[in-house]
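Reader: I'd like to go through this model with you one question at a time. Please show it first, and then we can look at the details together.

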Amino acid sequence: MTIAISLVFGALIGVLLGLLGGGGSILAVPALVYAVGLDMGQAIPVSLIVIGAASAVGALPKVRAGQVEWRLATVFAVAGIPATFAGSAIGSHLPQSALLLGFATVMVFAGIRMLREGGPTGIACDTVGGIDWRRCAPRSIPAGLAVGLLTGLFGVGGGFLIIPALVLMLGVEMPIAVGTSLLIIVANSAAGVVSHLHRLHIDWGVAAGFAGTAIVASLVAGHLGTRLDTNRLRRWFAVLVFAVAAFIVVDTLWLR
């Protein structure tokens, strides 16, 4: 029964990933906790497996098209991987209620990011004329650390933070930012899974079912989603994220 539920919710997360091009994974942990019945310690690594696998599949066409800034991806990964291990270590000492409330806060931030229509584009890491690392490194390294910490703590890919950082703060063009973000998510997610392996038993049946259906559903939804109004869909999804965050807070503070 647990595996069947994981297949259903994996497909749901995959549809959201395919339609929105990212962000849908923010619901993976709540789905694993409240629908599948895992605790946070189990849900986080399973979520990272799903996010990492889906991002790897999504990154392949970007790599083939040359829509990746490898140097920035490396900087984010070098900064983010140790931070992912640190976030995992911190999370292991926190009660589940604290992790759930922290995750709800991250969800609210992600929802706000989805509702915003962008902003002025930065130039610190503009790749057109060559990267000026004296301006780029002081901004990209802290951003990589922040994303890695969130990945280890809460099992989120951090695309809602990486893409705005690349585009609005560092000046990377959107197509390149998306491909670069996917590679960063793969690296951090892999580090997050490794950091959790020695502490718990992962239900690989649930993980494989959730990840497999998420990937297939994301590919199908991504193909069909070109006919939909993604801006309106993103706004409705942001509302859903806020609602789930509110439920987590109420359930953690008053219902448990």
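Predicted model: local features only at pLDDT ≥ 70, side-chain atom pairs only at ≥ 80, totals over all residues.

**Contacts, confidence and surface**

Reader: Which residues does Ser 47 touch, not counting those up to four places away in sequence?

Author: Happy to start there. A contact means heavy atoms within 4.5 Å. With sequence neighbours up to four places away set aside, the residues that Ser 47 touches are Ala 28, Val 29, Leu 32 and Gly 155.

Reader: Which element has the lowest mean pLDDT?

Author: Elements are DSSP runs numbered from the N terminus, with helices (H or I) of at least four residues and strands (E) of at least two. The protein chain has ten helices and zero strands. Helix α4 (residues 70-92) has the highest mean pLDDT, 90, and the lowest, 76, belongs to helix α7 (residues 159-169).

Reader: Is Ser 47 buried or exposed?

Author: Ser 47 sits in helix α3 (residues 40-64). Buried means under 20% relative accessible area, exposed over 50%, and partly exposed in between (1.4 Å probe, protein chains only). Since its relative accessibility is 0%, Ser 47 counts as buried.

Reader: How far apart are the end C-alpha atoms of residues 72-91?

Author: That span is among those that UniProt, in an unreviewed entry, annotates as "transmembrane region"; such annotations may be inferred rather than shown by experiment, and their positions are given in the numbering used here. Over residues 72-91 the chain is 100% helix and 0% strand, with the end C-alpha atoms separated by 27 Å.

Reader: Which residue forms a salt bridge with Glu 69?

Author: A salt bridge is a side-chain nitrogen of Lys or Arg within 4 Å of a carboxyl oxygen of Asp or Glu, and by this rule there is one. The closest N and O atoms are 2.9 Å apart, and the partner of Glu 69 is Arg 71.

Reader: What accessible area do Ile 81, Phe 85, Val 194, Leu 197 and Trp 204 have together?

Author: Patches take residues with over 30% relative accessible area and no salt bridge, joining like charges within 9 Å and nonpolar side chains (Val, Leu, Ile, Met, Phe, Trp, Tyr) within 5 Å. Trp 204, in helix α9 (residues 204-224), is partly exposed because its relative accessible area is 49%. Areas come from the Shrake-Rupley method with a 1.4 Å probe, where only the protein chains shown count as cover for residues. Together these five form a nonpolar surface patch with an accessible area of about 450 Å².

Reader: How far apart in space are Gly 212 and Ala 11?

Author: Gly 212 also belongs to helix α9, and it is partly exposed because its relative accessible area is 31%. In sequence, Gly 212 and Ala 11 are 201 residues apart, while in space their C-alpha to C-alpha distance is 8.4 Å.

Key
Residues numbered from 1 in each chain as written. Heavy atoms only, no water. pLDDT = per-residue confidence, 0-100.
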